[in-house]
Amino acid sequence: MTQTLKTKVLIIGAGTGGYVAGIRCGQLGLETVLVDASPGLGGTCLNVGCIPSKAIIHAAGKFETVAKAAGDGTLGITASTPAIDLSKTVEWKDGVVKKLNAGVAALLKKAKVKVIKGWADFSDAKTCTVKTDDGDIRITAEHVILATGSEPVELPFLPFGGDVISSTEALSLPEVPKKLVVVGGGYIGLELGIAFRKLGAEVAIVEMAERILPLYDKALTDPVAKWLEKHGVQLLLGARAGGFGDGKLNVTDKDGNPMQLDADKVLVTVGRRARTQGWGLENMGVAMNGPFVKIDERCATSMKNVWAIGDLTGEPMLAHKGSAQGEVVAEIIAGHDRVFDPTTIAAVCFTEPEIVSAGLGPDDVKGRDDVIQAVFPFAAIGRALAIEAGEDGGFVRVIASKSDHRLLGVQAVGQHVSELSNSFAQMLEMGAVLEDVAGTIHVHPTLGEAFHEASLRALGHAIHI
């Protein structure tokens, strides 16, 4: 027997966009139902993406630190050669995820959001049937928020299964593979490839483009490429992966020559695609923008009172974008006058070293004579040298308008620079000028001093260079 349920707001997907939208709807007094089929709340980011990957990356960094102390030692510290039981590391990672799952559930409960575990299938724009363990539930809603997220892209000649894995399986491996080949040199492949290299795996990366991280400018990616070279990661650029069998991956190199790479595991990270299949999107009558759901500045689709947020709506596919959109939509439904129009959405690569980019980069202003660019190296920052973060070619770069000194973009590469991303985004969002950054007394000794000095340098009077 099918149950029926009517609600003010129906949200499909409990990722960082959907659950934040749910909490905000609840805070605003909107009757809300949230439907999600995943085992744990929080979506890709919390369960098999941002959080668990950073946990594994953190563990890999700890292992590398101890490994450096073996033998002749480092910083006067010596230690025995370390070993790792990856199954225990994964168990610890799963504990972190479980704790956060419980936290999200508690927040939704506090906001009086009804959570239904099951798979939704829409028959029209405002009606869906959810298959649950306790039977079917037919839900109709005045407003629908689509937050179905994204999923890894599968290559037809390298289907997932067995030793061909996506990032999801890579985060739950029971042991470190002896030989790992990563297909795709974007941020997901590099983050995980670097982590497994730190854990002792032999790593090769196959990338079709002529350099790694092709969405970032070369100056930002060069320090990462140098780390890969220094640590023996085989980098095949301009290369194409082929089929896999008998522990060997077929590859065509940049010159068209066939070769084979030995691999215990092949990690395919060639991108993510919006999750548009299997839940009745085609029955909702919403307009599409290529592979994504088309939205306006209010996150509204072409169908009245149907909204879409997060990865489903296109690039950038970032968790914090989805969360911000979720808040905006909840407030619009509650009658507030809101639009989603950020000045910037900062992006971070948790590689070695880390990369941050906010606003315009040098490629965006190429050929323009109305901008100022200035770079300040971490090698001239005391805190960076004290934590061994100043010798990898890292820097902070500012780009500003020559006429009024308005900040247009800020980038950085270096250890721990992810923690500077919010400062960069905040300054851009507030419409800061170089003098605002230069006039802010930055704490010494911190990495953030490089942002201060880069701004001073753009004004023509850096102190420490």
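Reader: How many of the 10 residues of helix 12 are buried?

Author: Please note that this is a predicted model. A residue counts as buried when its relative accessible area is under 20%. By that criterion helix 12 is mostly covered, and the number of its 10 residues that are buried is nine.

Reader: Which elements do the buried residues of helix 12 pack against?

Author: The buried residues of helix 12 include Phe451, His452 and Leu456. Their partners comprise both strands and helices. The elements they pack against are strand 22 (371-377), strand 23, strand 24, helix 10 and helix 11.

Reader: Why do the buried residues of helix 10 line one face of the helix?

Author: The buried residues of helix 10 (residues 421-429) are Ser421, Phe424, Ala425, Met427 and Leu428. In general, an α-helix has 3.6 residues a turn, so residues three or four places apart point the same way. Seen down the axis of helix 10, the buried residues line one face because they fall within an arc of 165 degrees.

Reader: Which residues are the closest to the centre of the second largest pocket?

Author: The second largest pocket has a volume of about 1,300 Å³. Its lining has 49 residues, and the closest to the centre are Gly186, Tyr187, Leu215, Tyr216 and Glu315.

Reader: How many residues in the lining of that second largest pocket are nonpolar, polar and charged?

Author: Among the elements that each supply at least two residues of this lining are helix 6 (187-198), strand 10 (202-207) and strand 12 (240-245). By class, the lining has seven charged, 12 polar and 30 nonpolar residues.

Reader: How far from cysteine 299 is the nearest cysteine sulfur?

Author: A disulfide is a covalent bond between the sulfur atoms of two cysteines. The structure holds zero disulfides. Cysteine 299 is accordingly in no disulfide, and the nearest cysteine sulfur, that of cysteine 25, lies at a distance of 12 Å.

Reader: Is cysteine 299 buried or exposed?

Author: The cut-off for a buried residue is a relative accessible area under 20%. Cysteine 299 has 0% relative accessibility, so this residue counts as buried.

Note on methods:
Residues are numbered from 1 along each chain as its sequence is written. This is a predicted model: local features need pLDDT of at least 70, side-chain atom pairs count only at pLDDT 80 or more; totals for chains, interfaces and linings use all residues. Side-chain values use heavy atoms; hydrogens and water are left out. Buried means under 20% relative accessible area, exposed over 50%, partly exposed in between (1.4 Å probe, protein chains only). Helices (H or I, at least four residues) and strands (E, at least two) are DSSP runs, numbered from the N terminus. The arc is that of the directions from the helix axis to the C-beta atoms. On a 1 Å grid over the protein atoms alone, a cavity is a set of points where a 1.4 Å probe fits but cannot get out, and a pocket is an open set with protein on both sides within 12 Å along at least five of seven lines; lining residues have an atom within 4 Å of a point. Grid points are joined across faces, edges and corners, and a volume is the space filled by probe spheres set on the points. Ala, Val, Leu, Ile, Met, Phe, Trp, Tyr, Cys and Pro count as nonpolar, Asp, Glu, Lys and Arg as charged, and the others, Gly among them, as polar. Contact means heavy atoms within 4.5 Å. A disulfide is a pair of cysteine sulfur atoms within 2.5 Å.
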